[in-house]
Structures are given as C-alpha cells and as structure tokens.
Amino acid sequence: MTGPSLMESLFQRSLDDLIKGLRLSPPGVEAAFIAKSVDEIRREIKSTDSQTKATALQKLTYLHSLHGVDMSWAAFPTVELSSSAVHSHKRLAFLSASLSFNPNTTDVILLLTHQLRKDFSSSNPHDVSLALSTLSSISTPDLSRDLTPDLFTLLNSSKNFVKKKAIAAILRVFEQYPEAVRVCFKRIVENLESSDMGVLSAAVGLFCELTVKEPRSYLPLAPEFYKILVDSRNNWVLIKVLKIFAKLAPLEPRLAKRIVEPICEHLRRTGAKSLEFECVNTIVTSLSEYEPAVKLAVMKIQEFLLDNDPNLKYLGLQALAIVAANHSWAVLENKDVVIKSLDDVDVNIKLEALQLVMAMVSEDNVAEICKVLISYALKSDPEFCNEILGSILSTCSRNFYDVIVDFDWYVSLLGEMSRIPHCQKGEEIETQLIDIGMRVKDVRPELVHIARGLLIDPALLGNPFIHKVLSAAAWLSGEYVEFSRNSLELMESLLQPRTCLLPPPIRAVYIQSAFKVLTFCIYSFLSSGDDTSYPSELTDSVLKGDFQESSDTATITPISDTDLDDGLNPRSSHQPTKCVSTGNGEDSVISHEQESSASLKKQQLTQKSVMDLVNLVETNLGPLAGSHEVEIQERASNVLGMIELIKPRIHSSTDESEGDKIKGELRASNMMKLMFDAFSEELGPVSVSAQERVPIPDGLVLKESLSDIEAICDDIKLPISSSFSLVRSFSMTDANLIHERPSKEEYEPSSESTSLLAEHRKRHELYYLPSENKAMISNNYPPAHERKDLAIDEPEDLVKLTKQSLDLRKKRNQAKTRPVVVKLDDGEGAHIAAKKPELNDDLISGAVREVLLGNEAASSSSRSKSSNKASKEREKNELNIDRPSESKMDVTNTVESELGHGSSRRRKHRIDGKEKKHPSSGKEKKEHDHKDKQKSDHRHSKHKSRQRADGALNVAAQSPVIPDFLL
Amino acid sequence: MGIRFVLMVNKQGQTRLAQYYEYLTLEERRALEGEIVRKCLARNEQQCSFVEHRNYKIVYRRYASLFFLVGVDNEENELAILEFIHLLVETMDRHFGNVCELDIMFHLEKAHFMLEEMVMNGCIVETSKSNILSPIQLMEKAS
C-alpha cells in the first residue's frame, strides 16, 4: 500500500462525519459544504485502496440519494468496487448502482455483465441475492439477454431464498427482453405450487403484474391460481391472487362462476381489512352480476363507510362508486352517509362523495341534487366549491344534456352558479350557455331573460371570473334580441360605464351585441311603418339605390339573400303601429301578428324611444372610436357609421315634407333590412371535426407561408377563445385581429369603482334601470353575496331533501316535455382514440401465449411422433396438454358435483393428485431420468401435471386454441 | 409494478430515505418529492392516508416525526400498503431498537437493505421480519 493512500484512509472523513457536518452546517452554507465534500470524494474515489474508495462511494451515494447530488461521473468506480472480494464493499457498490444508474444512459452497466454472472454462480447465497436485486433495478435489454441463461439456472436453485429473488427479478428481465419468457416461463409456473411462502408470494406477485398488463394470456393458468385462492391462508398472497382473478374473471364467465363462492368465503371469514377490501373490490369490479356476492360486498362497504377510520370510509366510497355503475340500489341504501360525507374534514373523501352523488343523477332528480350541491358549494372553501360546480356542469352537459328535461331550469341554474362568489367556472358556463342557445330553440326566451339578469347587475362586472359568462350573456342578448322585453334597458346595460372593467375581447362582444340590438330596434321601428304605408315594389327599387350607397361604408356586407326563420323570428314580422310620427308615442302599441312576437308585447317603439336609443349609443360609443384596442375601435366605428347613415332618416319623419319623408324612410328601412338580414342568419352548433372534413383545396400550401408566423406573432397573444360564437358573429371583421392585451389601467379596484358608480347613479340616474324595474331585479336576483341565506346549513336537512329525489321508484311527473336538442348527425365529440398497448407487453404476452397454448398443433404432433425430444421442448408440451386435461376431468366432475361446491371438489381433486404421486409407470420413470437434476419439489408438481396429461391426451388434440378453463 | 417508490420524510420535509423502483432523473425526483411532501404533510390525523398524485396513489403513514410515503400504481391495495409500511417500521424497530429518525440517517444503507429484502421490482417478496433481517445480521457478524 502506498503512502498517500494510507494517509487518505487515515484522515478520510467517514459517512458519519459527513452527516454530522451536514447537520451542523447552517442552512445557507449547506450547499457549499456539500460541494466541498464532493470535491473530497472525487479525490478519494480514485484511490487504489478499496476501503477508501468504498467510503467515498458510500458518502457520494448518501449525498446523491438525499441531497440530489449528481453522481453519474462515479459510475465507473462503482463498477470497479462491485468486483471487490469484501461482501460489504460489493454490497455498497451494488446499492449505489441500483440507486443511481440510469438503464438508458449509463453505458458502464454492460461492464457489470461479467460480474453479475460471476455472482450468480457464487456459493454465497447473499452474493447471489445481491446480484439479483441489482439486476432487477438496472437491467437493460442487453444485460437481460446475456443473463437469461443464468437466471434460468437460478430459477431451479435449491435455496428458496435465491429462487424467490430470481422470480422477483425476472419481471424486469421479461420487460426488457421478452424472449426470456420462452426460456423461463415454465419454471416460474411450477413455482405456483411451491410450499415455500416466499417463493409462492414472489411467483404470484410476478403473475399479478403480468396479468394486469394483458390478462388473456394467463387464462390457462387459472387452475393453479384457483388452488392458491382456495388453499392459501397468507393474506399477501391472497390479495395478489384476487387481483389476478379480478382481471381473468371478466374474460371467462365459467371461471367467474367458480370463484364467486371461495371469494365470498374469504370475505366472511377474514378479519384482515386489507383482504376484506380486496375481496370487495374483486366482487364489485369483476363479479357484479352475482347478486348475493354483491349484496355481501355492499354490506361490507357499509361497514367501511360507518367506520370511524377515514381510510376505510374513503375506500368504502371508492368501492361504492364502482358498484354504482351496475347497482344503483347500493348507493341509495347508503345515500345518507354519502351525502354527509360531502361535509367531511377530508377533501379526498368529499371528492369521492361528490362523484358518487353525481353518479346518482338522473332525469328525475337532477334538479334536487343540483340544489343540494349548490347549497354545499356556497358554504365550501373555494377549491371544493369549484369542484362541485365543475361536476355539476360536466354531469348535466354530458351526452348533449341528456339528463336535462327542463332547460329553463338549467339555464337559470347556470345563471345562479355564475353568481356564486367563488365561482371560477366562467368559461365552462359561457360555453354551455351559448351551446344551449344554439341547440335548444325553445329555451332562448329564458336564456335572454337570464342574460338580462346578468347584464344589468353592475356588481358582476367587477369579478373577473365571471367575465366570460357576461360575454356569453351579451352575445345571447344580441343574437336573440327578439326575445328581449326591453331593448332600451338592454342597451343601457350593454353600454354601462363599468363595462370598461371588461377585457377588450369581451367588451367587443358587448359592442357587437349593442349593434345587433340597435339594428333590431330601428328595423322593427321602421318596418312597422312601411308595412302599412308603402307598396313593396317601391321598397325594392329603393333598395337597389340604397344598396350602392351603403356598401361603401365598412359596416355592411351585402350577403343577404336571407330566408328568415319565420317560426321564431319577428324580424320578418310586420308590425303596424297606430302612430309613428307624433309625439304621443307612449300610447302606441305594436301589435304582433306572429306567434313568436309575444315577447315583444310590452315593448314600445316610438320615435322618441328610438331616438333615445340612438343617442345613448352615440354618447357611449363615441369615445370608443378612438380606443387603442382594435376590436373595440372597429366595432364602435361600425355602430357609429350606421347611426350616421340612419339618423337623418329617423329625423326626417318629423322634419321633412311628406314626400321626402317617405323616400327617406324607405331608404332607411331598406338599409336596415339589409343589416338586419345579415344578423338574422341562424347560427347552429358546429361539429368538432367540421374543420377536418373540409378538403384542402389543390395548390394551397398552408405550412410554407405560415411557418414563420410564430416569430412574427411572438409578442401577440392570439385569443384562445372557446366561444366559437365570437368568430361567427364577428364575421364582418377579421377575427384574427383580436388582441388579448388586458389593459391594466382599466382594471380599477372594484370597490373604488363601485363607490364611483354609486355616486354616478345618484347624480344622473342615467345608466340605471327605471325604479320599478330595480325592485323587480332585487326580487328576482339578489346580489351574489347575499345568497348565503338560501343555503341550507344542516346536512340532515339535505339528507331529507334528497330522500325523495333519490328514490328511483318515484314516478316521473314531468310538467314539460323535453325540447328538441339539436345534435349533429355524426358522432360529435366522440374522439376516443383507442389506447395502444405497449409494444413490450405485446411481446411478453405473445411469448406467454405461445408457451402456454400457442403451437398446439406442433406439440400434439411431436407428442405422437417421438418421445425423445429435448427436455425443454417436452416441458412446453406438457404444459400444453395440462390445461385441456383438466377440462376433461371437470366435465366428468361437473356431472357428479353441483355448482357451488367448488372448493370441496377442488380439494378432492388435489388429493387425487397427491395420491397419484407415488405409483410410477415405466414411462414416468423414463422422464425422471431425463430430469434428475431437477429438485424434488419441482418433480412433485410435475408429477401432477403429467398425471392429468396422461388422462386426456386426446381431448387436448381435439380442443386446440381455447381450452376449457373450468376448474 | 405495484410499488413505485418508498420515501421517508421528516416533519420539516427533508427526505431521509428515497428508493425508486423506476428510473427518474434527479430533477424529476426532486420535483415529485417536493409536491408529494407538500400535499401529504399538510394533512391532519382525521384525514385519510391516501392521496392521489399524478398517476400515483400515495399511501402514507406518520410515525412520530417521520412520514413514510409509498407511491403505488392504481391497481394496488391501499390497506395492504399501510400494512407494509407498518411491517417496515416494525422491522426497523426490531433491528435498531426504538427506531428513530437518526437511526435511519446514520444507517441509510441498512434501511435500504431491509427494503431490498422486502421489495423487488416493486413487488413485496418477503413479509417475515426474521427473514428480512437475517442477511443484515449475518453481515454485521462478519464485519
């Protein structure tokens, strides 16, 4: 030993020193201390003295594992140390390797191949076990391939300690090198009959992992698993076997029938909660058609739910959620607990309960459940409140609002939800409001009513979370303005000063809606006149002239060959008024001829009111024509431009002579008709895949010209607008120009603006609705923050409340019939991509299937031809015949034993096997010679299978691919 | 693979042992540990011991100042994992005698060896305390 290394080892800091140093160093200095230590380690690890090297590696591993120090540079010294003769050094090196090596990038792993192989054949079982553990954590495809033969040998080890580890390690090898399955699978299967608990549990664990990935391949092993299920008393093993059966049972109904009774037996007998839970889980997931078993499971679930342990409660709720899919009675039986759990201290439990409540929703109880949930939402913390709202939204909108019958109720619920103080689901509510508006014609009047309620409440504008909802409300009241009862009021609310709190894109929606409202009002005002006074030919002629005139203003796009939607749209209705031109407009009543115009009854359109309207718009949008926001500016200019054109015409009715008046009004009315027609085109839902279905025209190269657009638009955030309505309704402008640049100066603190607004209101009373309306508003729509008084506080009350609604037997008494919901013919939104199985799993299961039942024909022919095949080949064949043979015995067995006596029959079967162990025919002896290397406990199992095989050779030949798995 | 990782974390959120059964980079580990610790340590005794995080289920249990957190995949039986944690603690207790945080700090390797005996490839392979401890005891005798 050289001097320096001796010095090093004498003065080297031990791991204990390092840890103490770390503990003593104050928080800020820790990083420096670690860096210093790593420098030391870098020096020490190069030492030729293995003790010094080991200590250095030990320290480095510690720092790596707990302080996140990179140690990829120390991979080579680790490999070096792994060949040490000292077991503790070797152990350290392998631990370090398994903690730090990355199988994908650490290339020195290959250097371990030889060392691992050497350790596999060591006489010290601890060396072997160590090497196996290491292999299981760092195995690469190469390593797996090279070491498969060695593993194969170890699977046959006489030491259960080693065998157990080999089985556990092999899962990783299978994943990396599926070919290994062909070599090793048979030996693993044999271990399913091992009497050693460690070996058995490793083997079952391995199959559990394999089965989860691809159950079908392992069906042939069902008899082995069944035996374990019936015989084993080790809960760890039983849990794993139950997991295997949970996957196998759905594939083979006969198997399910056989395992129900043993599983119920375990469930009744066991005191261990974990096993109980696993039995329950297996029953509810895979055996849900066996009523008595499910009843038993639900009983256990009930025990879990009533337990004080939150863990059991949580798991009980989870299990109940699984049962709910097929057995809703189970939830009904436990509904009290479930609903009370909405109030639990644990948010996880609350979430589970929420899911369960949502699972109970049906057409009949959706309203009541939502009422309960909203009241919970009001008193919950913001996070859970939004969870509730989110699940209401998703449940109710599921499958095109399948559960909703009364849409009027639902849209008012949406309105109510958006007023909940913590509500952050604005975007979803927005989408649904617009979606319903487009899909469900009958609900539009109510939608407009809800929208009005939202728009006229200035307090809502201060809450950024609700802006999206307001955007939808504005759009709806613009698009379906014909249902609005009071256009002036609507206009006022769309233009109220606090709209400056809105982000520009939403404000643009407001202005656009104001535009629509204005167009509608002027049009209905004017057309009400011309219907009575003027022949239609004249209208047409003027239309042409006007057309030229108006088309050079940017406002109007001449696209109107409109077929007006007569059934709904009063835009096409002719509304005669008694007097148009005189000042006594208060008395004038517009009478409506068409059915849909009922909503307009109270609307009084007089010249004065129209002029008021125009003035209101002008005053408010005037300043916005100079806005920096291009969307706002553009829209405001559009509106102002139109007013510019139309204003003289309206005035003309009083000021000008009769002839001019007629002409002017005609021109105006025709221009308005154009405008109006442009807006009145019905908007419908658009399929998600609509865009994809548009064929790309020849010669259109999209990518090239747009490839560098990202660089150009880097600083501009394109609107990620989910409201498809925007794009449609903005079709006259370039929707792409919408900038989403929140103008900070416009976001005043809401409290300040509220008080400003209050002052403003006192002084002018300009933007506020007439007093009688106000009273009505406060009755109908109490401000969001006062809604708590409606919340029901006691969970008991809630339980009572839902008692009726959850009763499925309750008769349906629907006052309303469900309105038509427009759906597109193609499977809209049904874009579920099939999950592709991982390649490796495929390979593994492919190999397994081949081993278990694959080359059936080949095996049977080889059986008939020759008996001097290689032993490995024989094993495969034996396994092949093994399964069918069982089936035949079963066929005969079923005749004598009734269903449900499964376990006893199985035991009998086993005894048979044992009895047959000793008598040995000549043929068997021959085979013993073949495999005298094999261990006795193996032979034991092999015997049995061979016995069975002898019984049923011909059956095997007849039933090739899918053997009968009856036990 | 049933168990994806085992963590021991003290009340202050410092990791005292970390064993992963699938490879994660240092950054991934640090991020994961941070998130899990934040989630689990904030919970109280009346709340259940299961937390869902990313695609893991975390089963945790607190012993005095130390949290034992086990990340499992969705198929795993939570109650069995709780029992596994308890078994691990009992095993360490038998070996160290009234095990505490410091024992694990200063004997990190041994703690890893115990885990190695109990879990391979994320599967629980040994549940007998004496079987788990015998290799370690042999090793101690040898040195």
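Colleague: Is Gln424(A) buried, partly exposed or exposed?

Modeller: Gln424(A) is partly exposed, at 44% relative accessibility. Buried means under 20% relative accessible area, exposed over 50%, partly exposed in between (1.4 Å probe, protein chains only). Bear in mind that this is a predicted model: local features need pLDDT of at least 70, side-chain atom pairs count only at pLDDT 80 or more, and totals for chains, interfaces and linings use all residues. Residues are numbered from 1 along each chain as its sequence is written, and side-chain values use heavy atoms, with hydrogens and water left out.

Colleague: Where does Gln424(A) sit, and what does Gln424(A) touch?

Modeller: Gln424(A) is in the loop between α24 (407–418) and α25 (426–439) of chain A. Helices here are DSSP runs (H or I, at least four residues), strands likewise (E, at least two), numbered from the N terminus. Leaving out residues up to four places away in sequence, Gln424(A) touches Asn386(A) and Phe465(A). Contact means heavy atoms within 4.5 Å.

Colleague: Switching to the interface. How much area do chain B and chain A bury between them?

Modeller: About 4900 Å², with 57% of it on carbon and sulfur atoms. Buried area is the accessible area (1.4 Å probe) that two parts lose on being put together, summed over both. In chain B, Phe106(B), Met120(B) and Asn121(B) lose the most area to chain A, together 13% of what that side buries. The contact takes 48 residues from chain B and 60 residues from chain A.

Colleague: How many salt bridges are there between chain B and chain A?

Modeller: Six. Each is a side-chain nitrogen of Lys or Arg within 4 Å of a carboxyl oxygen of Asp or Glu. One joins Glu126(B) and Lys164(A), at 2.6 Å, N to O.

Colleague: Now rings. How many aromatic pairs are there over all chains?

Modeller: There are 18. Rings of Phe, Tyr and Trp (its six-membered ring) pair if their centres lie within 6.5 Å; planes under 30 degrees apart count as stacked, over 60 as edge-to-face and the rest as tilted. Phe225(A) and Phe245(A) are an edge-to-face pair, 6.4 Å centre to centre with 85 degrees between the planes.

Colleague: Why does that pair tie together parts 20 residues apart in sequence?

Modeller: Because Phe225(A) lies in helix α13 (residues 222–231) and Phe245(A) in helix α14 (residues 235–248), both of chain A. Phe225(A) is buried, at 0% relative accessible area. Phe245(A) is buried too, at 0%.

Notes: Chains are lettered from A and ligands numbered from 1 in the order in which they are written.
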